[in-house]
Amino acid sequence: MNILRFPAARVPVAVVVLYGFLIPPAGVKAATSTVSNSLKATIDALGELSVPTSVSLTHAGTVFNSFSGSVTVQYLARTTAAGGGNLTMKVTQDFQTGGPSVAGGDLTYVCGAAGLGTACGASTASTSAATSVVTLPSSACTGGGTPCSATSPNTVSVTFTLADRPTVDTGTYTASVQFTISAT
Amino acid sequence: MKTKIISNTVLSAALLIGGATQAFGQFSGSGTTTVSVVVGAEAAISITTGTTSLAEATGPTIFGAPFTGTTNFSYKVRTTTVGGGGSITVKITSDFAAGGPSVTTPPTGDAMTYTCTSAASATPCTGPITASTAGATSVATFATNAHSAAGTGSSDAGTVVWTLPNDPVYKTGTYTATATFTISAT
């Protein structure tokens, strides 16, 4: 068997040659290349809200004065230059049998000033369709000051009024109100 | 249009103290608030006859004919579904002036009495009942789970018909007394 042996003198030369590839000789500039990558963020219209978990309606005295109570809705919104949006509410579960009736028109509401957009006027709550709370304009945005709203989140107060009819049985009754926001 | 609808189902016990629970849910496309109300027993009464005039029944000169007059009232009531009840009562809180009739110390046989009517939501008094300045006397009673008329603004009606003997011992003049009605419900 032949064993290939490298003369010891060749080893330093091999090392030098290899080293020569790694470190350019003095006076020779390195080759550099650059590439560009485009970063694109699409800012879409968006709306989000937050509501209290519950509200109790109360009244003064025991002479059939209407019940009332308020909730404050917090919301964030961004609409396009050609868009808009809505914050609506719908009673998804009416009061229990024997009690007040949203379907019967017992529950009405009014909206306080909206931090962004136009608040509703006097309205009747509905179990069959969403009803308006706030209407958002085009180019709307929350927070940061002009051209956006001054505060973040925006808020709107919704005050409920519930008729106290003598025909309603005594007891504790609950209904579910779902608030929804949309933006384009 | 970009719309996010995420239904948050909230289970919450009813609160007995007015006001919203300001624990907000996290932000999302939608949120649900539970609206609660405690409906209790209630009662209200309104006297629709401003002043009840007591007039002689037949002719101005026959002492045998008593003075009579009718007080009309309307009421709203809701009593508790189980174990409830209520009443309408009347008390003479200001008697006729001296020289005229008297509820507190009438001449013999001259007690002022009354009879009652009411709507079906109540049971009227069984008259004639002697009016009193010492204590309230019955006009109507309410049973358990009693409800007056339906409809916002609606109410039930009743009457009290007064009878006051025409005693020649009374001096001529105009005499007034005050009848105070009280309604209650549990």
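How many bridges join β10(A) to strand β2 (residues 30–39) of chain B? Ten bridges join these two strands, which run antiparallel, and within β2(B) the bridge partner of Tyr173(A) is Val37(B).

## Basis of the model

This is a predicted model, in which local features need pLDDT of at least 70 and side-chain atom pairs count only at pLDDT 80 or more, while totals for chains, interfaces and linings use all residues. Residues are numbered from 1 along each chain as its sequence is written, and chains are lettered from A and ligands numbered from 1 in the order in which they are written.

## The contact between chains A and B

Taking contact to mean C-beta atoms, placed from the backbone, within 7 Å, 49 residues of chain A are in contact with 47 residues of chain B. On the side of chain A that touches chain B, β1, β2 (52–57), β3, β9 and β10 (171–183) each supply at least two residues (strands are DSSP runs of E, at least two residues, numbered from the N terminus). β10(A) gives the most to this side, with 13 residues.

The residues of this side of chain A divide into 24 nonpolar, 21 polar and four charged, where Ala, Val, Leu, Ile, Met, Phe, Trp, Tyr, Cys and Pro count as nonpolar, Asp, Glu, Lys and Arg as charged, and the others, Gly among them, as polar.

## Strand pairing within the chains

Two strands are said to pair if DSSP finds at least two bridges between them. In chain A, β3 (residues 67–78) pairs in the antiparallel sense with β1 (residues 46–50) over five bridges, and Gly47(A) has Ala77(A) as its bridge partner in β3(A). β3(A) also pairs in the antiparallel sense with β9 (residues 154–162) of chain A over nine bridges, with Val71(A) opposite Val158(A).

In chain B, an open sheet of four strands has the order β8-β10-β6-β12, with antiparallel pairing. β8 (123–124) and β12 (178–185) of chain B stand at the edges, each with a single partner strand, so one side of each is left without a neighbour in the sheet.

## Nonpolar cores

A nonpolar core is a set of buried Ala, Val, Leu, Ile, Met, Phe, Trp, Tyr and Cys residues joined through C-beta atoms within 7 Å, a buried residue having 20 or more other C-beta atoms within 10 Å of its own. Of the 42 residues in the largest such core, Val73(A), Ala77(A), Leu87(A), Val133(A), Val158(A) and Phe179(A) touch the most other members. Leaving aside neighbours within four places in sequence, the contacts of Val133(A) include Val73(A), Leu87(A), Cys111(A), Val158(A) and Phe179(A). A second, separate core of 25 residues includes Tyr75(B), Tyr114(B), Ala146(B) and Val160(B).

Terms used. A residue is buried if 20 or more other C-beta atoms lie within 10 Å of its own, exposed if 12 or fewer, and partly exposed in between; C-beta atoms are placed from the backbone. Two residues are in contact if their C-beta atoms, placed from the backbone, lie within 7 Å.
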